[in-house]
Amino acid sequence: MLRWASIGRWFPLVSAALVLFAAAPAFAHAAEDNPAFTTVPELAEGFHLLYTLHFPEARQVFQNWASAHPDQPFGQVALAASYLFEELYRQNVLSSDFFLDEKRFLHGIDGKPDPGRMASFREALGRARELAKARMRQTPKDSEALFALAMASGMESDADAILEKKQLDGLKRMKEANEFAKQLLVQHPDADDAYVALGAANYIIGSLNPGYRALLWFGGIHGDKKLGMEQLTKTAEGGRYLKPFAKILLALSARREKQNALAQKLLLELTQEFPANPLFAAEYAKAMGRQIPAELRP
């Protein structure tokens with residue numbers, strides 16, 4: 001009989017989008033009251049720096065905003081995301097080399113993540129959760145708090161499963177992230193970026209063999225590759241701060257499914273939007289079957 005412990009090694013990539021998503025509906029409140037749902041110029045600048053791989057500069061922007069808004073969990077969410085995104089980038093996770101390598105896709109990175117970066121990541125996660133729970137004590141279904149808690153669980157799921165290879169812990173956190181995201185979507189079904197968490201989880205679990213998917217199903221965790229890509233598409237088309245993140249995930253999933261035209265389209269868009277990011281340009285070259293210039297190689 002299959003046991004939960006036996007499936008842990010089959011689930012390292014809980015979803016790169018469980019790492020990063022930001023919901024999209026507009027509200028009547030000021031932007032600083034709902035930063036997860038409205039565009040705050042300073043935060044938009046920080047995420048742009050993140051996508052151009054200026055990690056310390058992005059963190060400084062996020063830290064400044066968080067200091068100016070000490071009761072908002074989104075600042076800490078963004079700060080945690082910057083550490084995780086940097087580690088995923090430096091470990092070459094957000095690439096076709098990782099996604100198309102079945103061993104790494106199902107088992108996680110080779111080696112270990114940077115301990116200092118991971119410690120800073122978890123500290124920011126803890127602060128985000130504290131602030132979110134404080135909001136929920138006042139308003140039990142506060143949308144900003146639900147967003148922050150979904151983000152925290154999703155990012156921790158990625159860190160556990162992909163970077164630290166604690167796949168069972170990653171599964172538990174992934175389930176938490178899905179529950180928070182679903183609660184958020186009940187309130188705001190047009191929050192397209194929330195679908196990145198659901199879509200990535202659906203795709204990754206749907207990539208497992210039928211026996212393991214059946215075992216996860218009994219644990220309340222479901223997967224469907226086609227549905228997952230449809231949900232990622234919602235974020236890639238209607239997302240806000242982290243719309244590009246959904247695009248890279250969808251493009252890499254399309255490479256796995258041999259949907260080359262879709263992958264090429266998305267990677268070209270990313271290359272044009274972020275010409276300073278060599279990752280996007282290199283992945284576009286690979287999708288087009290071209291040789292990667294030396295300056296674009298990791």
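Trainee: Does L163 count as buried or exposed?
Mentor: This is a predicted model, in which local features need pLDDT of at least 70, side-chain atom pairs count only at pLDDT 80 or more, and totals for chains, interfaces and linings use all residues. Residues are numbered from 1 along each chain as its sequence is written, and side-chain values use heavy atoms, without hydrogens and water. Buried means under 20% relative accessible area, exposed over 50% and partly exposed in between, with a 1.4 Å probe and protein chains only. Because the relative accessibility of L163 is 1%, this residue counts as buried.

Trainee: Which residues is L163 in contact with, leaving aside its neighbours within four places in sequence?
Mentor: L163 belongs to helix α9, residues 143-163 (helices are DSSP runs of H or I, at least four residues, numbered from the N terminus, and strands are runs of E, at least two). With contact taken as heavy atoms within 4.5 Å, the partners of L163 are L84, E87, L88, Q91, I109, P113, M118 and D158.

Trainee: How far apart in space are L163 and D110, C-alpha to C-alpha?
Mentor: In sequence, 53 residues separate L163 from D110. In space, their C-alpha to C-alpha distance is 8.6 Å.

Trainee: How many residues of α11 are buried?
Mentor: Helix α11 covers residues 195-206 and reaches 16 Å from its first C-alpha to its last, close to the 16 Å expected at 1.5 Å a residue. Among its buried residues are Y195, N202 and G206. The helix is largely enclosed by the rest of the structure, because the buried count for α11 is 12 of the 12.

Terms used
The expected span of a helix is 1.5 Å times one less than its number of residues.
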